[in-house]
Amino acid sequence: MNNWIVLPTVVPAMTAALLILALPHHLTHQRIVSVGATLLMLALAVGLAVLAADGTPRAYFLGNWPAPFGIVLVLDRLSAIMLLLSAALALMVAVYACAGWDKRGRHFHALLQFQLLGVNGAFLTGDLFNLFVFFEVMLIASYGLMLHGGGGPRLKAGFHYVAINLIASTLFLFGVGLIYATTGTLNMADLAVKVAAVPAGDQALLKTGAILLFAVFATKAALVPLHWWLPSAYAATSAPAAAMFMIMTKVGAYAIIRVYGLIFGAEAGPLGGIAAPLVIPAALVTLMVGAVGVLASRNLRDLVCFSVVASMGNLLVAVGLFDGPGTTAALSYLVHSTLTGAALFLLVDVIAQRRGRQLDQLEPAPVLANGTLLGALFFLGAIAMVGMPPLSGFIGKLLILDATRQAPQAPLIWAVILGASLLMMIGFARAGSMIFWNSRDPSADPGGAKAVGGLSGLALIPVLVIGLLLAATTVLSLGAGPLTRAYEATSAQLLDKAGYVRAVLPPAAGTGTGGN
Amino acid sequence: MELLVASATGVMTAVGIYLLLRARTFPVIFGLTFLSYAVNVFLFAMGRLTINQPPVVSAAATGYSDPLPQALVLTAIVISFGMTALIVVLALRGFLETGSDAVGLASSGDDDAPPPRAGGDKARLPS
């Protein structure tokens, strides 16, 4: 049964290879294969979630090498939730891209599958260097997706994105090198055992490595001051790619939960909890920067980008607690913000395509065709993103506020979270009323009138996908009770490090090679 | 040898960071290359510096060099090589499409939008 664990990496890899080698010129076939494969992936993720629901972490040993020597994939509740989320998102993005985006450049679906391979691998792996490799797979595919469709501004923004991620990858290698030098292992379970026993002379080096690694994950998670790449990259890329990238910031958050919970957790001796003092202050600043950015945005896409930055701030406040309730709240908010952010990016794309010359600029434009439906969708998305009842953002935010109640900085955290919500609400309300209500007489602008006239019918697929994503947040809200219990079980499992170590390392081993 | 390896890593990192902070794409790419050289040497040193020792089991060996960093370096070299190729193509395409190899973003994205914000001529930085 444990062999199923490797499939979330094998299925996208094989699909991508098939798409490139066998069907490079058949767009219809590509679409069928891609959507079919993501459906299969979703079924697989559901199966693995059921498998993981019994609460024991399972390990898959690649090549059947025993744990500290070979590479190991580990499936626990957290990995299963993340796999399910990435599969659901990829399915939505693949279907949305079929409505026309995949015609604007070649190999969209293959790149999407490669990205899914990297993301799934990062969620499953139990080895730090393997995490680096899957990060790279994910990033290489994301470079392709980011540039999909081409154009000057996209290329310029793409250069920034690639350069920043290459620097982050270099830092990752420096960090991994330091950790290997001081502990002699890169297996996460083995590290969790050995970090506590590092000699005092090596602790400074190990700490440097751990903090460098944290900088890398913080870059991925768009934590201030390493967030500047996100608004320009996400605003410049195509809508389906931006929606898929929603999972990539979450990979950063996942890596922080995993590495700083498991390896450098509270009981890791003198190095325990080294990331904890950094995360919450940075996350609060991230939240404020995001909220102010939402207020200052001059077009709808920047607005969504900054609201994503703000949501990462909310998420990392909860992650930074590194305790049971904090992780529960973080998971709840993570699932919600991924789906909502993706829905908003896709919705902005649909709106911008229908506004003629004004695109997504926040300025008066001729009346939007089908404005009522799009306005209703935008309203729902904004409610979910800002975190107002009754959608799932509210539940997530409530859990975060509840989890931070015991923290020493609780008044500050509450003030920032609630203040940022207010700023975001104002920003979204202003943008929504500008786009949907402040319309201009079309006769004043012949060019704009023509553009709107040409776009009367609304394509079914994009609206269906956005509707499904928003419906998912409603389901998350309606099913909040059982889901929160599942997240609680997940965070309990994360705190039980002995269980993870037992699943990966052979029972009597205890010692690795030492390496030096 | 320790001094040589350590100073080589340090100098290459410093050169890499200096070049990364330039405002044109070509030096930035060089900076990335220097940084990846530095990290490769650094990773090697993390397995401890040894001379004339086999990395795999041998009956005649008196000691071993650590094989794992060598595998890590190999992977890192492959990835950074591919990434350098990609970013060179990207910079070239950017240069051909926009007519400048400045790193800055000329405007906020949408090309035919009414002047979104000032600073559109930041693309002409001194070389």
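Two residues are in contact, or touch, if their C-beta atoms, placed from the backbone, lie within 7 Å. Please keep in mind that this is a predicted model, in which local features need pLDDT of at least 70, side-chain atom pairs count only at pLDDT 80 or more, and totals for chains, interfaces and linings use all residues. Residues are numbered from 1 along each chain as its sequence is written, while chains are lettered from A and ligands numbered from 1 in the order in which they are written.

**View 1. A:Met248 and its contacts.** Welcome to helix α10 of chain A, where A:Met248 is found; helices (H or I, at least four residues) and strands (E, at least two) are DSSP runs, numbered from the N terminus. Setting aside residues up to four places away in sequence, A:Met248 touches A:Met138, A:Ser142 and A:Lys220. A:Met248 counts as buried because 23 C-beta neighbours lie inside 10 Å. A residue is buried if 20 or more other C-beta atoms lie within 10 Å of its own, exposed if 12 or fewer, and partly exposed in between, with C-beta atoms placed from the backbone. Although A:Ser86 is 162 residues away along the chain, its C-alpha atom is separated from that of A:Met248 by 9.4 Å.

**View 2. The largest nonpolar core.** A nonpolar core is a set of buried Ala, Val, Leu, Ile, Met, Phe, Trp, Tyr and Cys residues joined through C-beta atoms within 7 Å. The largest one here has 225 residues, and A:Met244 and A:Leu346 have the most contacts inside it. Helix α10 of chain A (residues 239-263) gives the most to this core, with 19 residues. Which residues is A:Leu346 in contact with, leaving aside its neighbours within four places in sequence? They are A:Tyr96, A:Ala239, A:Ala243, A:Pro462, A:Val465 and A:Ile466.

**View 3. A:Ser337 in helix α13 of chain A.** Residues 324-353 form this helix, and A:Ser337 has its place there. A:Ser337 is buried, because 28 other C-beta atoms lie within 10 Å. Not counting residues up to four places away in sequence, A:Ser337 touches A:Ser311 and A:Leu315. The C-alpha atom of A:Gly396, 59 residues apart from A:Ser337 along the chain, is separated from that of A:Ser337 by 9.0 Å.

**View 4. A pair of strands in chain A.** Strand β1 (residues 58-61) of chain A pairs with β2(A) in the antiparallel sense over four bridges; two strands pair if DSSP finds at least two bridges between them. Look for A:Arg58, whose bridge partner in β2(A) is A:Leu75. Along strand β2 (residues 72-75) of chain A, A:Val72 and A:Val74 point one way and A:Leu73 and A:Leu75 the other way, and all are buried.

View 5. A cis peptide bond with omega of about 5° joins A:Val224 and A:Pro225, and A:Pro225 sits in the loop between α8 (203-220) and α9 (229-236) of chain A. The bond from A:Pro389 to A:Pro390 is also cis, with omega near 10°; A:Pro390 belongs to the loop between α14 (371-386) and α15 (392-403) of chain A. A:His107, a residue other than glycine, has a positive phi near 65°. B:Asn52, not a glycine either, has a positive phi of about 60° and lies in the loop between α2 and α3 of chain B. Is B:Asn52 buried or exposed? B:Asn52 counts as exposed, because it has 7 C-beta neighbours inside 10 Å.

**View 6. Two helices of chain B.** Chain B has three helices and zero strands. The axes of α2(B) and α3(B) come within 10 Å and cross at roughly 175°; axes are lines fitted to C-alpha atoms, for helices over the stretch in contact, and angles run from 0 to 180 degrees between N-to-C directions. Therefore α2(B) is roughly antiparallel to α3(B), a label for angles over 145 degrees. Residues making the contact include B:Ile29 and B:Leu32 of α2(B) and B:Leu72 and B:Val73 of α3(B).

**View 7. Where chain B meets chain A.** Here 34 residues of chain B are in contact with 29 residues of chain A. On the side of chain B that touches chain A, α2 (25-46) and α3 (67-98) of chain B each supply at least two residues. The largest share of that side, 15 residues, comes from α3(B).

Note on methods: Angles under 35 degrees count as roughly parallel, over 145 as roughly antiparallel, 65 to 115 as roughly perpendicular and the rest as oblique.
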